[in-house]
Amino acid sequence: MVRIHPSILSADFVNLERDLGRIASADGVHVDVMDAHFVPNLTFGLPMVQRIAEVTDLPIDVHLMIDDPDTWAPQYAIDRVDSVTFHAEATRDAVALARELRARGTRASIAIKPGTLVDEVIEHLAEFDMVLVMTVEPGFGGQSFMGEMMPKVEALRGKAEQLGIELALQVDGGITADTLPIAAASGADVFVAGSAVYGHSSPAERITALRDAGRGAFDTGRIDLRAIHRGLAGTGTTGIDAAGTGAAGTDAAGTDAAGTGAAGTDPTGSLET
Ligand SMILES: O=C(CO)[C@@H](O)[C@H](O)COP(=O)(O)O
């Protein structure tokens with residue numbers, strides 16, 4: 001199943017209630033909490049998440065890009081928050097934190113940045129309801145999808161199947177109708193999209209288009225990932241080269257030649273709009 005979670009990082013914060021209404025057809029809303037320490041950007045904290053919970057019926061998917069989630073994450077397990085995601089790189093004890101979140105009645109989710117390997121997460125996979133594989137460096141919207149993260153998605157999906165556990169696999173960063181099928185074919189089923197939804201006049205239409213793009217990938221079954229990589233290579237839309245390593249090409253978002261997305265970041269946050 002394909003689930004689309006628009007990221008409100010690309011919404012108009014001054015008109016957030018209106019912009020939440022525009023994504024009513026989504027499967028959830030992705031709420032990025034950033035502290036300007038763990039990532040070089042600042043958004044908002046718990047009071048805003050509490051208000052969002054009051055004005056939307058969508059399941060709320062909180063993504064904490066903050067230091068010390070062991071202290072702060074449990075506070076986000078409020079009514080109507082469906083999942084709380086904390087970063088593997090920031091936590092002192094991922095298993096204890098996941099158990100605490102579950103005990104408070106929310107789903108526990110762990111995120112890994114592009115430079116983080118899956119090993120540690122895989123070792124304790126049954127402790128998590130969802131794993132978020134970041135497909136850009138966290139911090140800013142509007143960066144290019146890092147196709148070279150797909151082996152991580154495949155490894156996580158493979159391990160979940162081997163263990164027979166239900167695991168949601170989320171990807172976040174550069175998700176568009178072109179890149180979503182790549183992640184879906186790798187085993188992802190929850191897709192965060194900011195600019196691909198809010199960067200258009202009709203977010204509802206974009207949600208439908210993304211869902212359709214993912215459905216195609218599932219319908220086809222094991223589609224040929226290499227063929228997709230080859231097809232997108234050189235289009236400047238994904239930062240993926242023919243070998244799927246992400247080594248080629250620059251794009252409109254200013255992603256560097258290594259496809260790291262680093263050049264697409266903007267400490268002023270001006271890329272979000
Ligand atoms: O967490 C983040 C960025 O750190 C994301 O949720 C972005 O908001 C995704 O934006 P797009 O890449 O889809 O524009």
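Visitor: What makes up the secondary structure of the protein?

Guide: The protein has ten helices and eight strands. The model is a predicted one.

Visitor: How much of the protein counts as buried?

Guide: Of its 273 residues, 51% count as buried.

Visitor: Where does UniProt place the feature "active site"?

Guide: The unreviewed UniProt entry gives that feature at D32 and D172. Such annotations may be inferred rather than shown by experiment.

Visitor: How do you know that the two positions cluster in space?

Guide: They are spread over 141 residues of sequence, yet the largest C-alpha distance is 10.8 Å.

Visitor: Why is D32 called buried?

Guide: The cut-off for buried is 20 or more other C-beta atoms within 10 Å. D32 has 26 of them, so D32 is buried. D32 lies in strand β2. Leaving out residues up to four places away in sequence, D32 touches S7, L9, T43, H63 and M65.

Visitor: And why is D172 called buried?

Guide: The cut-off is again 20. D172 has 28 other C-beta atoms within 10 Å and therefore counts as buried. Its place is in strand β7. With residues up to four places away in sequence not counted, D172 touches L132, M134, T135 and V192.

Visitor: Which positions carry the feature "binding site"?

Guide: According to the unreviewed UniProt entry, they are S7, H63, G139, F140, G141, G142, D172, G173, G174, G194 and S195.

Visitor: What about G174, buried or exposed?

Guide: G174 has 32 C-beta neighbours inside 10 Å, so it counts as buried. The loop that holds G174 lies between β7 (168-172) and α7 (180-186). Not counting residues up to four places away in sequence, G174 touches T135, V136, Q143, S144, F145 and T179.

Visitor: What surrounds the ligand?

Guide: There are 22 residues around the ligand, and the closest are S7, L9, G141, G194 and S195. The elements giving two or more residues to this shell are β2 (29-34), β8 (190-193) and α8 (195-198). By class, the shell has eight nonpolar, twelve polar and two charged residues.

Visitor: What makes β2 a mostly covered strand?

Guide: Six of the six residues of β2 are buried. V29, V31 and V33 point one way, while H30, D32 and M34 point the other way, and all are buried. In a regular strand the side chains alternate between the two faces of the sheet.

Visitor: How do you know that β2 and β3 pair?

Guide: Pairing needs at least two bridges. β2 and strand β3 (residues 60-65) have six bridges, in the parallel sense. Within this pair, M34 stands opposite M65 in β3.

Visitor: Which residues have the most contacts inside the largest nonpolar core?

Guide: They are A183 and F191, in a core of 71 residues. With residues up to four places away in sequence left out, A183 touches M150, V153, V171, I175, A188 and F191.

Visitor: What is noted about the phi of A36?

Guide: Phi of A36 is near 65°, a positive value in a residue other than glycine. Most residues other than glycine have a negative phi. A36 lies in the loop between β2 and α2 (46-55).

Visitor: What is the phi of D68, and why is D68 called partly exposed?

Guide: Phi of D68 is near 50°, a positive value in a residue other than glycine. D68 is found in the loop between β3 and α3 (69-72). With 15 other C-beta atoms within 10 Å, D68 falls between the two cut-offs and is therefore partly exposed.

Key
Residues are numbered from 1 along each chain as its sequence is written. This is a predicted model: local features need pLDDT of at least 70, side-chain atom pairs count only at pLDDT 80 or more; totals for chains, interfaces and linings use all residues. Helices (H or I, at least four residues) and strands (E, at least two) are DSSP runs, numbered from the N terminus. A residue is buried if 20 or more other C-beta atoms lie within 10 Å of its own, exposed if 12 or fewer, and partly exposed in between; C-beta atoms are placed from the backbone. Two residues are in contact if their C-beta atoms, placed from the backbone, lie within 7 Å. A residue is near a molecule or strand if its C-beta atom, placed from the backbone, lies within 6 Å of it. Ala, Val, Leu, Ile, Met, Phe, Trp, Tyr, Cys and Pro count as nonpolar, Asp, Glu, Lys and Arg as charged, and the others, Gly among them, as polar. A nonpolar core is a set of buried Ala, Val, Leu, Ile, Met, Phe, Trp, Tyr and Cys residues joined through C-beta atoms within 7 Å.
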